[in-house]
Protein chains: 2
Amino acid sequence: MDIVSQNKSFAGSQGVYTHASKVCAGDMTFGLFLPEEANEGPVPLLWYLSGLTCTHANAMEKAGAQAWCAEHGIALVLPDTSPRGDNVANDEAYDLGQGAGFYVNATQDPWKPHFQMWDYVAHELPDLLANEFALEMDRQAITGHSMGGHGALTLAMGLPGRFRSVSAFAPIANPTASDWGRKQLSAYLGDDESLWAAHDATLMMREKGFDGPVLIDQGADDNFWDLLRPETLAEAMVARKQDGLHRVQKGYDHSYYFISSLMEDHVAFHADALYA
Amino acid sequence: MDIVSQNKSFAGSQGVYTHASKVCAGDMTFGLFLPEEANEGPVPLLWYLSGLTCTHANAMEKAGAQAWCAEHGIALVLPDTSPRGDNVANDEAYDLGQGAGFYVNATQDPWKPHFQMWDYVAHELPDLLANEFALEMDRQAITGHSMGGHGALTLAMGLPGRFRSVSAFAPIANPTASDWGRKQLSAYLGDDESLWAAHDATLMMREKGFDGPVLIDQGADDNFWDLLRPETLAEAMVARKQDGLHRVQKGYDHSYYFISSLMEDHVAFHADALYA
């Protein structure tokens, strides 16, 4: 693992690191904020998964999460959204290929050799973090935005016992029924739709739910509303009597202005679960 | 004036606007955050002047100021750092020309036709803001970073009675004695150094000081320390018995991670003065 940069931030450290990923067969970059408390001993870990076109840097620079993670003494890891590089498959569209890994393990060519983002976020990166940093890996929570909200919800429900809480900002909530989903799931996983169900938050909520609290915020003025399908997830949460809240936030759109405005709430929500 | 974008942010509105500037002889862009209270009536105004290479957008996206301006009910205006465009003079160096206006009125060619940033920030933009938005123009404060800290301090001292408080993050504190200053002041103002003194915060502090509180934060690990010359400003503040604080912040560098970490303090400092 190499250090790309480290900047003091809110008395802690905002780092950027690269490492050779086995599962993605290439170098991967991630951001990690460590609060001041990490100098004294292990701290809880919050994951933030980003949306389409993003790298680790977007949320690191724009989400304003460091202030609140510092307040609660929580580390924040910011993975990239896909493998990258000249030797990695790509597509001209912004919503497929590099920057659009969708947090799945691709089984189809040309994506299969590098696009193993589920295994990267679920297994390889946690192992690296546990080895390299002062983190309490039995106290983890996860959040994300848009495609990253999809990732957060599907990883939380797909890995029972791993995360104590899950939240999402405007998640892609029902990708098997949306153009943000059907295109990518067929490209990465093939045409057998039964294999897609493990990557659809609404279907997973209907099937099993999450063993902990869930917080969803969705901007009412989100211009991607129809692609996100928030109403299907809200219905599934209520039908399951899921512990948690699905909130529609008046006037907010899909941008980081929305995310940063609600970030304090989300970090406090996770802190409650992590320190319970 | 045209609206480029408006995003709901911390219950208020983060807007970006363009307008035809007479003094800069071309279109200028600025950001303006309005807190929710601006819907009810005029609110106080904080200026944030940015540093070399920045546009209005850097601080808007990375400084995290909206959270604290919303908390205190204060508007935040984010001007650009220079005129821009294909017909505007420029230089290959990052620290001269477009993105590097230094908040002066250029008297020398090729800069004179467009580079009138002092008049733009001191007169034209305030007039526009007063006409277009719900702002209490008798309650203004100013801050800035690096070149923008230089701008904030020189405008505050150069326009007595205009601003109730001034702060700066790692300001260019003594440009007449630094390579971040001598190069630009000679290019924009010519070789008569007596004309430079009205654009040097340390010289102005020695000469007259500021009729209100001053807050300076300077990162101890700032790699531009020698260009900023913070010690000269600190000395001048104490010699004048200036109301205010000059603080060296251990471990912090010159980045927006430094700015965002201290922003809550700066906005609270200005709120105290604006509501006094």
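A polar contact is a pair of N or O atoms within 3.5 Å; within protein, one of the two must be able to donate a hydrogen and the other to accept it. Keep that in mind for the views below, which all come from a predicted model.

**View 1. Polar contacts and salt bridges join chain B to chain A.**
Across the interface of chain B and chain A there are ten residue pairs in polar contact, with both residues at pLDDT 80 or more. The interface also holds two salt bridges. Here is a salt bridge to look for: the side chain of Glu61(B) meets the side chain of Lys62(A), with 3.8 Å from N to O. On the side of chain B that touches chain A, the elements giving two or more residues are strand 1 (2-9), helix 1 (57-62), helix 2 (65-72) and helix 9 (256-274) of chain B. Sorted by kind, the residues on this side of chain B are seven nonpolar, nine polar and five charged.

The size of an interface is often given as the accessible area lost when the parts come together. Between chain B and chain A, the buried area is about 1800 Å², and carbon and sulfur atoms give 52% of it. Which residues of chain B lose the most area to chain A? They are Lys8(B), Phe10(B) and Tyr257(B), which together make up 39% of what that side buries. Counting residues instead, the contact takes 21 from chain B and 20 from chain A.

**View 2. His199(B) sits in a loop between two helices.**
The loop that holds His199(B) runs between helix 5 (182-189) and helix 6 (201-207) of chain B. Is His199(B) buried or exposed? It is buried: its relative accessible area is 10%, and buried means under 20%. Leaving out residues up to four places away in sequence, His199(B) touches several others, including Tyr103(B), Trp118(B), His150(B), Leu185(B) and Met204(B). Glu235(B) is 36 residues away along the chain, and its C-alpha is separated from that of His199(B) by 18 Å.

Note on methods:
Residues are numbered from 1 along each chain as its sequence is written. Chains are lettered from A and ligands numbered from 1 in the order in which they are written. This is a predicted model: local features need pLDDT of at least 70, side-chain atom pairs count only at pLDDT 80 or more; totals for chains, interfaces and linings use all residues. Side-chain values use heavy atoms; hydrogens and water are left out. Contact means heavy atoms within 4.5 Å. Buried area is the accessible area (1.4 Å probe) that two parts lose on being put together, summed over both. A salt bridge is a side-chain nitrogen of Lys or Arg within 4 Å of a carboxyl oxygen of Asp or Glu. A polar contact is a pair of N or O atoms within 3.5 Å; within protein, one must be able to donate a hydrogen and the other to accept it, and residues adjacent in sequence count only if both atoms are side-chain atoms. Helices (H or I, at least four residues) and strands (E, at least two) are DSSP runs, numbered from the N terminus. Ala, Val, Leu, Ile, Met, Phe, Trp, Tyr, Cys and Pro count as nonpolar, Asp, Glu, Lys and Arg as charged, and the others, Gly among them, as polar. Buried means under 20% relative accessible area, exposed over 50%, partly exposed in between (1.4 Å probe, protein chains only).
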